[in-house]
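Hi everyone, thanks for making time for this. I'd like to walk you through one structure, step by step, so please have a look at it first.

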Amino acid sequence: MPKLTIEELEKLREEARKTTFIREQGQFRAKINVHMGTCGLAAGARHILNAFLQEIEKRGLTDVLLTTSGCAGLCSREPMATIEIAGQAPVKYIDLTEKKVEEIFEKHIQGGEIVTAYALGIGSEKTDLS
Amino acid sequence: MEDLSLHILDIAENSVEAGATWVKISLIEDRKTDLLQLEIEDNGRGMSAEECRQALNPFYTTRKTRRFGLGLPFLLEACQAAGGQLSLESSPGQGTKVIATFRLSHIDLKPLGDIPLTIIALIAGHPEIDWQYYHRRNDWEFKFDSKEFKENYPEIAINHPMALKAIRNFINKNLSLIRREHDRG
């Protein structure tokens, strides 16, 4: 049985000692919530989660929180994700593809500009990110 | 659902909904008995005998967002298509164990899919829950426990993107190891 030590994490541990960023929750400038109910999963939600994860990794971001939730009640428009920039109203994106994720990440999460073409609406599910 | 790892992600979410603080996922591939056995066990609120019976009915759900629940019925369908069965062991306050079996050699057995991605999706969504993953392929086994991770790396939030990436690579590496050892043996 392999022992659970992960090389990459040893380095991260060193960094973590210097900063509270990695340890502390609630210091995120953005939160991405991918809806992963049965409907979402069947429509490809896990690919969408993976695409967001790749975007975060690619940029080495530490201030964007990626999380999941269940069915949002609009199964026919899955895959869906809710994006919330700290201090702003959350935006629900529908009929997502990996390509759309790239665009949303660049424009909305990085640039602060909502991609209205893919958005269902603004509001609800607000979290206090402060 | 395209593969078994998506079913796992889906069913494990039921455990979260049931208020579990730990979830154990176990996958056993045994060539000798030609059996693939998937178990998902939790310490959530559990179900009554009647709820267990109804859980396999697609037009039953305890949830309010919509009037049906397809997770378990989908898994049942996947089991039956591959010569297996699905059973539930549960009682109120005692948690739930879902046991799904499949014939390993069955032509309609779905592929395992991306297990590491499923595990990190669960961790990202619910970092507070202790996720255990056990995989045995014939004589080779592998185990991951997110609780052990938290104990070993108290400085690192388990849902930090770097942590998720490292866990994913770790599980990937070990799963390909047990796959390789099996092929050699």
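Let's begin with a pair of residues: Ile83(A) sits opposite Val91(A), which belongs to E4(A). Please keep in mind that this is a predicted model. The strands around that pair are E3 of chain A, residues 81–85, and E4 of chain A, residues 91–93, and they are joined in the antiparallel sense over three bridges.

In what order do the five strands of the open sheet in chain A lie? The order is E2-E1-E3-E4-E5, and the pairing is mixed. At the edges we find E2 and strand E5 (119–122) of chain A, and each of them pairs on one side only. From one strand to the next, the twist averages 20 degrees.

What lies across this sheet? Helix H3(A) lies across strand E1 (30–35), E2 and E3 of chain A, and runs at about 160 degrees to E1(A). This helix, residues 45–59, also has a helix partner: its axis and that of H4 of chain A, residues 98–110, come within 9 Å and cross at roughly 35 degrees. The crossing of H3(A) and H4(A) is right-handed. If you want to find the spot, look for His47(A), Ile48(A), Ala51(A), Phe52(A) and Glu55(A) on H3(A), which meet Glu98(A), Val101(A), Glu102(A) and Phe105(A) on H4(A). Sorted by class, that contact has five nonpolar, one polar and three charged residues.

Let's move over to chain B. Here six strands form an open sheet, in the order E3-E4-E2-E1-E5-E6, again with mixed pairing. Strand E3 (86–90) and strand E6 (140–145) of chain B stand at the edges with a single partner strand each, so one side of each has no neighbour in the sheet. In this sheet the twist averages 10 degrees from one strand to the next.

Inside it, E2(B) and strand E4 of chain B, residues 96–103, pair in the antiparallel sense over eight bridges. As one example to look up, Gln37(B) has Thr101(B) in E4(B) as its bridge partner. And which helices pack here? H1(B) lies across strand E1 (22–30), E2 and E4 of chain B, at about 25 degrees to E2(B). H3(B) packs on the sheet too, touching E3 and E4 of chain B, and its direction makes about 30 degrees with that of E4(B).

Those two helices also meet each other. H1 of chain B (residues 4–17) and H3 of chain B (residues 71–81) pack at an angle of about 140 degrees, with their axes 9 Å apart, and their crossing is left-handed. Among the residues that meet are Ile11(B) from H1(B) and Leu75(B) from H3(B). This contact divides into five nonpolar, three polar and one charged residue.

So how do the chains come together? The contact takes 32 residues from chain A and 34 residues from chain B. On the chain A side, the elements giving two or more residues are helix H1 (7–18), helix H2 (38–43), H3 and strand E2 (64–69). That side has 17 nonpolar, nine polar and six charged residues.

Finally, a word on confidence. The predictor gives the complex an ipTM of 0.86 and a pTM of 0.88. Chain B averages a pLDDT of 91, and 94% of its residues score at least 70. Among the elements of chain B, helix H6 (residues 161–184) has the lowest mean pLDDT, 85, while strand E2 (residues 35–42) has the highest, 98.

Key. Residues numbered from 1 in each chain as written. Chains lettered and ligands numbered in written order. Predicted model: local features only at pLDDT ≥ 70, side-chain atom pairs only at ≥ 80, totals over all residues. Axes fitted to C-alpha atoms, helices over the stretch in contact; angles between N-to-C directions. Helix = DSSP H or I, 4+ residues; strand = E, 2+ residues; numbered from the N terminus. Left-handed = near helix turned anticlockwise from the far one by under 90°. Contact = placed C-beta atoms within 7 Å. Nonpolar A, V, L, I, M, F, W, Y, C, P; charged D, E, K, R; others polar. pLDDT = per-residue confidence, 0-100. Pairing = 2+ DSSP bridges.
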